[in-house]
Amino acid sequence: TNFVIIKTRNKRNSHILGSWMTTIFYQLICEVEAKDQEGARKMEKADILETYVPRIELISDESYEELYHIVKDIEFFDLQNPVIRDIDIYWAKILFGKDYDNKLKEAQRLLKFIARRRNPI
């Protein structure tokens, strides 16, 4: 079993980064980038370091406060049947502005497709 410790400058950045890594978008990135090993995803440290991470320093204090309250309610979701959650909506609005809803639905569709292809139900 491997795990990677990601150091950040402070707790604020840890919350932001952690929230990003739980999103439907980051999970989709992981599905695409990871190696399939017996039906599970596997990524090495170098793979993780190459994944897309938004520029944390661009998150305003006001946005962070909103994010911090959403982070408390993050729940597990089934990759083969992903449900769009508040954290996904939050990040979609940051990344895609007015087109956030279309991007969320597309990410949901793609994640479901890729996860089921990797590990059929």
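Predicted model: local features only at pLDDT ≥ 70, side-chain atom pairs only at ≥ 80, totals over all residues.
1. Residues are numbered from 1 along each chain as its sequence is written, and side-chain values use heavy atoms, with hydrogens and water left out.

2. Next, the aromatic rings: the structure holds 6 aromatic pairs. The centres of the Trp20 and Tyr52 rings are 5.9 Å apart and their planes stand at 80 degrees, so this pair is edge-to-face. Trp20 belongs to helix α1 and Tyr52 to the loop between α3 and α4, 32 residues apart, so the pair links distant parts of the chain. Tyr52 is partly exposed at 45% relative accessibility. For reference, rings of Phe, Tyr and Trp (its six-membered ring) pair if their centres lie within 6.5 Å; planes under 30 degrees apart count as stacked, over 60 as edge-to-face and the rest as tilted. Helices (H or I, at least four residues) and strands (E, at least two) are DSSP runs, numbered from the N terminus.

3. Helix α4 holds both Tyr64 and Tyr68, 4 residues apart, about one turn of the helix. Their rings make a tilted aromatic pair, with 6.0 Å centre to centre and 45 degrees between the planes. Tyr64 is buried at 11% relative accessibility, whereas Tyr68 is partly exposed at 30%.

4. Now to the charged side chains. There are 9 salt bridges in the structure, each a side-chain nitrogen of Lys or Arg within 4 Å of a carboxyl oxygen of Asp or Glu. One of them joins Arg12 and Asp61, with the closest N and O atoms 3.3 Å apart. This pair links distant parts of the chain, from Arg12 in helix α1 (residues 11-21) to Asp61 in helix α4 (residues 61-71), 49 residues apart. Asp61 is exposed, at 57% relative accessibility.

5. Another salt bridge brings together Lys35 and Asp47 (2.9 Å, N to O). Lys35 lies in strand β1 (residues 35-37) and Asp47 in helix α3 (residues 45-49). Lys35 is partly exposed at 44%, and Asp47 is partly exposed at 22%.

Terms used. Buried < 20%, exposed > 50% of the residue type's maximum accessible area, 1.4 Å probe, protein only.
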